Every structure is written in structure tokens, then in C-alpha cells.
Amino acid sequence: MESQAWARYLNAMLDGVGACKHLLPIGGGSDDLFDALRDGVLFCCLINHAKPDTVDMRSVKTGVGKPLSVYHVTENLNLAISSAGAIGKSLPRLPHAVPPH
């Protein structure tokens, strides 16, 4: 399965990275990869793997010791998106949330 291949890749590439150590290894279950990526921490670590020191990991909320609030998760994801753009990685257009009628 494709998600298992991505999980193995992330486990290998980010092994030993302190900021994401609490999220690894990613298991082989169908939702394990998505659960690990949910808070943006692994995205930030992956960007730094592609180009070191792009993301200042001191500004990433890791959630070690307590769950992250939705605001901290949003900060992490916005940081990852802006950092990916800064190193020239194109991002798909993300649709805006449409409020229910």
C-alpha cells in the first residue's frame, strides 16, 4: 500500500531527528501515516531534511507532553506550507472552506 511506503520512507529519513522522535516510527496501519502527519511537525522535519535549517524548529509546537491545540496545529501547518514555498516546492491550490448553508 502507498501509505505504508511513505511511512517507511519517513521512518528512514527522519530517524534520530529530535523534534519528531515522539512521532516515529510510523506504524503500518491504514491511518497511522495520517495520524502522524496531522499536526505539521513531520512536515516541518521533512522540509528541513530537504534543505537544512529552512524551518526554525524552535518555533514548531511539538506537542510533547500535552496535546496541541487547533491553533498550534494551524501554526505548524502554515509554517510548513510557507517553508515549502520558500525552498521552491510547489503546493497544490488548497480550496477554501465553504461554510454550510
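**Close-up views of a predicted model**

**View A. Asn-76 is buried.** Its relative accessible area is 1%, and buried means under 20%. The model shown here, and in every view below, is predicted. Asn-76 sits in helix α4, which covers residues 70-86. What does Asn-76 touch, once its neighbours within four places in sequence are left aside? The contacts are Asp-39, Gly-40, Val-41, Cys-44, Ser-59, Val-60, Lys-61 and Leu-68.

**View B. Lys-61 pairs with Glu-75 in a salt bridge.** The closest N and O atoms are 2.9 Å apart. This pair links distant parts of the chain. Lys-61 lies in the loop between α3 and α4, while Glu-75 belongs to helix α4, and 14 residues separate them. Lys-61 counts as partly exposed, at 28% relative accessibility. Glu-75 is partly exposed too, at 40%.

View C. Side chains of opposite charge can pair when their charged atoms come close. Which residues here are exposed, and which partly exposed? Arg-38 is exposed, with a relative accessible area of 55%. Arg-58 is exposed as well, at 74%. Asp-35 is partly exposed at 40%, and Asp-56 is partly exposed at 37%. The count for the model comes to three salt bridges.

**View D. Seven residues, Trp-6, Leu-10, Leu-33, Leu-37, Phe-43, Leu-46 and Ile-47, line the second largest pocket.** Helices α1, α2 (32-37) and α3 (41-50) each give two or more residues to this lining. Which element gives the largest share of the lining? That is α3, with three residues. The pocket has a volume of about 160 Å³.

**View E. Trp-6, Tyr-9 and Met-13 make a nonpolar surface patch.** The patch has an area of about 290 Å². Trp-6 is placed in helix α1, residues 2-13. Is Trp-6 buried, partly exposed or exposed? Trp-6 counts as partly exposed, because its relative accessibility is 43%.

**View F. Val-17 and His-49 are 32 residues apart in sequence.** In space, their C-alpha atoms are 9.4 Å apart. Val-17 is found in the loop between α1 and α2. Val-17 is partly exposed, with a relative accessible area of 29%.

How values were computed:
Residues numbered from 1 in each chain as written. Predicted model: local features only at pLDDT ≥ 70, side-chain atom pairs only at ≥ 80, totals over all residues. Heavy atoms only, no water. Patch = residues over 30% accessible without salt bridge, like charges linked within 9 Å, V, L, I, M, F, W, Y side chains within 5 Å. Areas by Shrake-Rupley, 256 points an atom, 1.4 Å probe, with all protein chains shown as cover. Salt bridge = Lys/Arg side-chain N within 4 Å of Asp/Glu carboxyl O. Helix = DSSP H or I, 4+ residues; strand = E, 2+ residues; numbered from the N terminus. Buried < 20%, exposed > 50% of the residue type's maximum accessible area, 1.4 Å probe, protein only. Contact = heavy atoms within 4.5 Å. 1 Å grid on protein atoms, 1.4 Å probe; cavity = no way out; pocket = protein on both sides within 12 Å on 5 of 7 lines; lining within 4 Å. Points joined across faces, edges and corners; volume = space filled by probe spheres on them.
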